[in-house]
Amino acid sequence: MDIKRKLGASGIEVSPLGLGCMGLSGSYGAIEPEDARGVIRTALEAGIDFLDTADFYGRGGNEELIGDVLAASSNPAVVATKTGVGIGPDRKPVLKGHPDQLKAACEGSLSRLRLEAIDLFILARVDPSVPIEDSVGAMADLVAAGKVRAIGLSEASAATIRRAHAVHPLAAVETEYSLMERGVETNILPVLRELGISLIAYSPFGRGLLAGGLSTDMSFEAGDFRQYNPRFSDANRAANLERILQMDDLARVHDATRAQVALAWLLAKGDDILPIFGTRSPERITSNLEALSIQLSEDDIETLDRQFPAGWANGDRYPPAMMALIDGEPA
Ligand SMILES: NC(=O)c1ccc[n+]([C@@H]2O[C@H](COP(=O)([O-])OP(=O)(O)OC[C@H]3O[C@@H](n4cnc5c(N)ncnc54)[C@H](OP(=O)(O)O)[C@@H]3O)[C@@H](O)[C@H]2O)c1
């Protein structure tokens, strides 16, 4: 892919659309490992050179899938991996932002990914029990040791981003951003732009709602995270899907799918936005990439902005225990 976007001031460039690999470890329904490797291979062959994973996706298995594919592929990729979230004995999430934990996590990710250095090492959630300066200081040590090329945070508040960036430049912040979730535009995006940090837009299809593959009467497979997500309760899903029908007129004008319009809208929001979409389907990779050739006019963008203003979606984007892990949200 000729067009590239920058990861902050790190000097690393990536394809404008990245592949989010979380769903390849069962978060949104089952998939066989060989099929998951096939999806990653298809993405690389189609020109996607930016892969997003985490050490807690499939308990490390997601990184292993990427490691397997990259070891056998002639297509290089920039790999972003996240750490800092675990599951406690009571099955509740625990945060692990202590320097020793981050350094140990880096070693684990390097070995599963079979890489000499992680391109982008991201603290998945800010650990309130550890000063952010200490967490980022450990990540900076990993850069100095040549184990990590660039660092980032996920779901961090504007104040935390400033404190972290003062310790070591952040290349990117990863946060949910889509036509369903625009909270980032108010407080986070202006700070990222002031500091020259890219925004990795995760769940660009609102976990599938915007992409057109879900219905009001469907039920989710066991293990599908959306079973517990308030935005997907029967009533909220019905209301959200009803609203999303408003995209269809614009999609028709551009002879595009809803998924392509959702990505084109994000891409049009700035060269510093890097949407990472997820899919278990090789065909959807090819189709979603066609978003790159959709030119939305200013009128189109205004229409979508008006149809889907910040806060329109029904239901919180996470269950309460996971909302409490978002930096700046009440615990
Ligand atoms: N930092 C964080 O806290 C965080 C949190 C969540 C996610 N992420 C990252 O962001 C990545 C992407 O987000 P996501 O996977 O949560 O959600 P997403 O990309 O918004 O949506 C994924 C869903 O969309 C469906 N889909 C994709 N293309 C489609 C198409 N053309 N037509 C119909 N349905 C389509 C997929 O179904 P199929 O699989 O059946 O195609 C899947 O269920 C993740 O993989 C992960 O790497 C980060």
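## Strand pairing: β8 and β9

Two strands count as paired if DSSP finds at least two bridges between them. Strand β8, residues 118–123, and strand β9, residues 148–154, pair in the parallel sense, with five bridges between them. Within this pairing, I118 stands opposite V148 of β9. The model is a predicted one.

## The barrel

β8 and β9 belong to a closed barrel of eight strands with parallel pairing. The strand order in the barrel is β3-β4-β5-β8-β9-β10-β11-β12. From one strand to the next, the twist averages 30°.

Helix α4, residues 132–144, lies across β8 and β9. The direction of α4 is at about 160° to that of β9.

## Packing of α1 and α2

Two packed helices are described by the angle between their axes and the distance between the axes. For helix α1 (residues 33–45) and helix α2 (residues 61–71), the axes come within 9 Å and the crossing angle is roughly 55°. An angle of 65 to 115 degrees would count as roughly perpendicular and one under 35 degrees as roughly parallel; α1 and α2 are therefore oblique to each other. Their crossing is right-handed.

On the α1 side, the contact is made by P33, A36, R37, I40, R41 and L44, which meet L65, I66, D68, V69 and L70 in α2. By class, this contact of α1 with α2 holds eight nonpolar and three charged residues, with no polar ones.

Note on methods. Residues numbered from 1 in each chain as written. Predicted model: local features only at pLDDT ≥ 70, side-chain atom pairs only at ≥ 80, totals over all residues. Heavy atoms only, no water. Axes fitted to C-alpha atoms, helices over the stretch in contact; angles between N-to-C directions. Helix = DSSP H or I, 4+ residues; strand = E, 2+ residues; numbered from the N terminus. Parallel < 35°, antiparallel > 145°, perpendicular 65-115°, else oblique. Left-handed = near helix turned anticlockwise from the far one by under 90°. Contact = heavy atoms within 4.5 Å. Nonpolar A, V, L, I, M, F, W, Y, C, P; charged D, E, K, R; others polar.
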